Amino acid sequence: MKTRRNPCLLVTCLLLSGVFALPASAQQMPREDVVSLPAIGEGLCVSNVFQSGMVLQRDKPIHVWGWAAPGEPVTVAFAGQQASAKAGDDRTWEVTLPAVSAESRPQQMTIQGASATLALDDILVGDVWVLGGQSNMEFELAKVENGPLEIVSANYPQIRILTIPHGAGPDLQRSFARLHQWSDWSGRHFRKGDWDACTPETARELSAIGYVFARRIHKASNTPIGVIDASRGGTTVETWTPLPVLRQLDSEPTRAKLASFDQAVAEWDPQADLEKRIAQHGQWIEKQTQEGKPIPADKKLPPADLRPGPLGNHNFPGHCYAGMLSPLAGLSVKGAIFHQGYNNAFDGSAGAQMYGDIFPEMITAWRAAFNDPQLPFGVLSLCTDGYPQTRDDYCEKMFNAGIDIRAAQYQTFLDFYNAGDANIGFVSTYDLRRRWYHPQLKIPAGERIARWALATVYGFDKEIEWKPPMLLEMEQQEGALLLKFDTDVSDPQDGAIEGFAIAGEDRKFQPANVAYVEKGKNNRGQIQYDRKQLLLTSPMIPSPIHFRYAWGRNPLANLQATGNKDLPFATQRSDDWKMEEVPLGVLGDETTLPISRGDSNKIIQALRQQDKERRLKEAELFLEANGGK
């Protein structure tokens with residue numbers, strides 16, 4: 001019987017030492033060469049999530065799975081415990097070892113088969129966190145503000161990093177490939193699928209939010225931390241949700257989305273697509289020849305591949321769950337954090353409704369994947385995009401479906417929280433503003449979600465606050481709305497509170513003037529204010545019935561919990577009006593969704609008119625207050 005060390009380490013060393021030489025053509029033009037190791041190897045092997053240098057979850061059963069010859073007995077040993085199984089006809093085997101306590105001392109796991117033994121070294125036991133979402137979660141530490149400062153100090157041998165390669169469905173995967181990718185564009189290797197210790201070299205490519213989160217958790221808990229980055233840019237909430245879960249939803253927009261994808265699959269003809277591309281290639285060759293232009297060697301032959309069509313779309317419902325989260329299913333982990341939403345913001349109110357229907361089911365499905373219905377799950381709200389909302393364009397900037405997505409994320413959190421879920425978390429990111437839809441202020445976002453985890457999961461609830469201010473009650477008064485909160489709130493700059501808009505029956509929102517409720521005078525005759533109650537008014541809205549807060553994609557909003565707490569009031573509203581029906585009547589009595597670009601322009605023009613009317617009213621009031629001067 002022979003013992004094998006982690007076989008992929010050999011390929012890594014060869015790559016980094018240059019044994020895998022790039023072809024001559026790679027020296028002539030920028031390109032990428034990929035060396036990969038398969039998701040499932042031949043003979044005795046384990047899922048690629050199990051490697052030397054990994055972190056295993058403490059205080060939970062240790063599930064290990066892999067493949068061997070049909071009927072082959074397999075024994076896994078770790079930390080003085082062992083468990084055995086026999087490979088099935090499909091080669092799969094799985095064992096469960098008893099839970100163990102945290103251990104920063106490196107240990108070895110052995111997987112023994114009939115004629116070979118695998119040895120995985122340098123394994124730590126601590127807490128494992130999964131990172132999910134799209135590009136703002138994926139966004140690397142090297143690209144963010146103050147990222148270089150974090151990189152040069154990223155010497156944390158007990159933080160271990162694993163980035164999952166991009167994968168897709170439709171079939172549920174049980175492992176992932178390990179990629180070693182050289183890029184001439186950057187003159188360096190990029191690796192996905194390998195566990196690495198956190199160093200300045202490896203941390204630069206890790207999710208910035210994930211790195212900051214891991215650093216804070218590690219230093220506070222003094223425990224080894226593993227972070228598994230399973231995020232992918234440009235993805236939707238439905239691709240991160242199991243397809244069977246989506247098909248069971250009683251959600252009209254979700255059914256419509258699935259029907260659209262199903263129809264596209266049914267209509268896809270790969271052979272007809274290939275024949276069309278061959279014809280196009282022939283026409284291009286003929287054109288190049290007639291014009292005397294050269295034909296590159298790699299374009300001389302016509303295409304011969306059959307493309308997958310709609311099933312090749314990484315946003316096909318369920319695909320990223322199947323290809324990137326399913327390979328981790330069954331692994332014991334501590335929790336997950338999730339930052340996503342941009343690619344769901346293109347379908348108006350129907351898309352926002354679908355998001356609100358799917359997101360809680362996605363969270364439940366992720367918890368089920370990791371065998372923990374109470375798995376800690378932290379949500380970072382959708383980040384900013386576009387130029388900041390101002391008083392001049394306030395109403396116009398309220399027309400954006402991304403705001404509805406952000407509100408749906410908070411409402412999902414609120415529903416779990418109000419149902420007694422002690423392991424759901426939420427932080428806003430709308431105030432970490434930059435005009436680009438990849439705002440580089442990721443370090444503060446990582447700090448915020450780490451506060452939630454430390455306060456709720458690690459026992460620092462007396463030292464750290466994480467929960468955003470919560471609205472307890474809204475009361476309609478004559479000419480005003482009264483809002484009551486669970487904590488004192490204010491602008492951290494001690495200026496005017498911005499961000500609230502109010503509307504009457506005509507659904508014409510206008511920015512509100514905000515004042516604290518007076519609660520009496522002290523013994524010196526000074527007015528005392530109740531900083532848990534706000535009164536919203538506007539000269540433009542004589543009879544308000546609803547409010548919205550932080551209702552801009554890059555909103556003018558500054559309300560936080562009072563004190564040095566950095567806890568913004570979340571994007572939310574009291575109404576349930578569709579964005580295409582605000583203000584009322586612009587598109588007639590009935591609105592058919594989705595609306596056309598022309599109808600969108602009509603709404604924007606109506607909102608611009610509201611802004612104009614308000615500015616004129618404000619000028620008029622200013623002149624009156626100053627004697628007409």
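An open sheet of four strands, paired antiparallel, runs in the order 19-20-25-24; strands (E, at least two residues) and helices (H or I, at least four) are DSSP runs numbered from the N terminus, and two strands pair if DSSP finds at least two bridges between them. This is a predicted model, in which local features need pLDDT of at least 70 and side-chain atom pairs count only at pLDDT 80 or more, while totals for chains, interfaces and linings use all residues. Residues are numbered from 1 along each chain as its sequence is written, and side-chain values use heavy atoms, with hydrogens and water left out.

- Strand 19 (471-477) and strand 24 (513-521) are the edge strands, each pairing on one side only.
- Strand 24 and strand 25 (residues 527-537) run antiparallel and are joined by eight bridges; Glu 518 has Tyr 529 in strand 25 as its bridge partner.

**Helix contact**
- Helix 7 (residues 252-267) and helix 10 (residues 348-369) have axes that come within 8 Å and cross at roughly 100 degrees, the axes being lines fitted to C-alpha atoms over the stretch in contact, with angles from 0 to 180 degrees between N-to-C directions.
- The contact (heavy atoms within 4.5 Å) involves Pro 253, Thr 254 and Lys 257 of helix 7, and residues of helix 10 including Met 354 and Asp 357.
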